[in-house]
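Keep it to the main points.

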Amino acid sequence: MSKIYILHENDEWLPPFRSALESAGLDFEEWHLDEGVLSFDSQPPEGIFYSRMSASAHTRGHTHAPSYTQHVLNWLELNGRRVVNGSRALYLEVSKVAQYAALQAAGVRTPRTRIAVGKDAVLPAARAFAELPLILKPNRGGKGLGVQLFQDLESLAAYLESPEYEAPVDGTWLIQQYIRPAEPYITRAEFIGGRFHYAVRVDTSQGFELCPADACAVGDAFCPATPDQEEAPKFQITDDIDPALISTLEKVLADNGVEVAGIEFIRDIEGNIYTYDINTNTNYNNGAERSAKLAKTGPQKLAEFLGEELQRRAAQAIAAE
């Protein structure tokens with residue numbers, strides 16, 4: 001009997017998905033891909049394979065997990081297995097440069113960006129960027145980790161020579177335009193099966209934590225807004241979303257083989273929308289979903305989608321006999 005296989009490296013993010021799959025009566029198995037051995041000339045089991053590999057794996061001591069997962073995905077795809085969020089999706093997950101290329105190819109506005117590889121390249125790149133304040137962001141980060149706002153080049157230079165400096169795991173920095181928000185929030189649009197599910201408004205007035213999962217904790221993360229706003233729930237599901245943008249983002253996902261994602265964007269003081277992050281291992285906020293009284297939560301909708309794909313795959317196998 002075929003089943004659903006979940007490829008991941010973080011057990012703390014799995015409970016809501018396990019619960020949804022169990023409630024739906026679906027048989028599943030987890031593959032924790034921190035490290036291991038892959039018999040590349042063997043045949044994978046039958047089933048549906050869903051990759052939840054994260055760009056932030058290295059922050060949990062799983063530096064090689066994305067590479068190992070990429071090998072596994074190549075193996076699965078070589079052997080014709082049904083993969084949700086396959087090798088192209090993982091490529092986008094671990095590279096913001098790749099994300100911006102995919103977004104810009106579809107005409108989606110992204111922040112102005114300059115790329116610097118190696119610490120010594122950062123300051124010259126920032127000088128040539130000629131825009132302050134600026135954002136310094138690792139190409140492969142996750143959860144907003146390592147993202148910093150600098151008001152001047154002196155403070156950037158001091159950071160680069162300080163004990164606090166930590167090189168990105170792939171050596172690549174993004175020097176990026178600071179988007180001054182019209183209001184202290186960003187929007188995260190959730191897609192399941194390549195289709196829009198809902199959007200969540202994320203309050204940034206008390207800090208900028210990109211990951212909505214209850215298990216996430218960033219600590220001193222980048223805050224792009226002032227902290228003088230009224231208290232409100234940090235995550236709120238919203239209907240204030242541009243249908244044309246959602247349609248374009250669905251096309252971006254389809255063109256890049258991404259079926260499950262959270263895409264983040266921000267509106268500046270002039271009303272322009274900038275899209276800056278594609279998360280292919282997206283999580284959902286339990287409190288926001290409860291408050292919105294959704295017919296189906298993110299994990300429930302995802303379990304439904306995976307179950308449908310499992311049935312479709314089984315029907316195709318029977319028809320081929």
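In which sense do strands β12 and β13 pair, and over how many bridges? Strand β12 (residues 260-267) pairs with β13 in the antiparallel sense, over six bridges. The model is predicted: local features need pLDDT of at least 70, side-chain atom pairs count only at pLDDT 80 or more, and totals for chains, interfaces and linings use all residues. Residues are numbered from 1 along each chain as its sequence is written, and side-chain values use heavy atoms, with hydrogens and water left out.

**Terms for strands and pairing**
- Helices (H or I, at least four residues) and strands (E, at least two) are DSSP runs, numbered from the N terminus.
- Two strands pair if DSSP finds at least two bridges between them.

**The β12-β13 hairpin**
- Five residues lie between β12 and β13 in this hairpin, and Gly271 in the turn has a positive phi of about 90°.
- Arg267 has Ile273 of β13 as its bridge partner.
- Seven of the seven residues of β13 (residues 273-279) are buried, meaning under 20% relative accessible area with a 1.4 Å probe, protein chains only. Strand β13 is therefore largely enclosed by the rest of the structure.

**The open parallel sheet**
- Four strands form an open sheet in the order β2-β1-β3-β4, with parallel pairing.
- The edges are β2 (28-32) and β4 (82-84); each has a single partner strand, so one side of each is left without a neighbour in the sheet.
- From one strand to the next, the twist averages 25°; angles run from 0 to 180 degrees between N-to-C directions, and axes are lines fitted to C-alpha atoms, for helices over the stretch in contact.
- Strand β3 (residues 47-51) pairs with β4 in the parallel sense over three bridges, and Phe49 has Val83 in β4 as its bridge partner.
- Helix α1 (residues 15-23) packs on the sheet, touching β1 (3-8) and β2, where contact means heavy atoms within 4.5 Å. The direction of α1 makes about 160° with that of β2.

How values were computed:
Buried means under 20% relative accessible area, exposed over 50%, partly exposed in between (1.4 Å probe, protein chains only).
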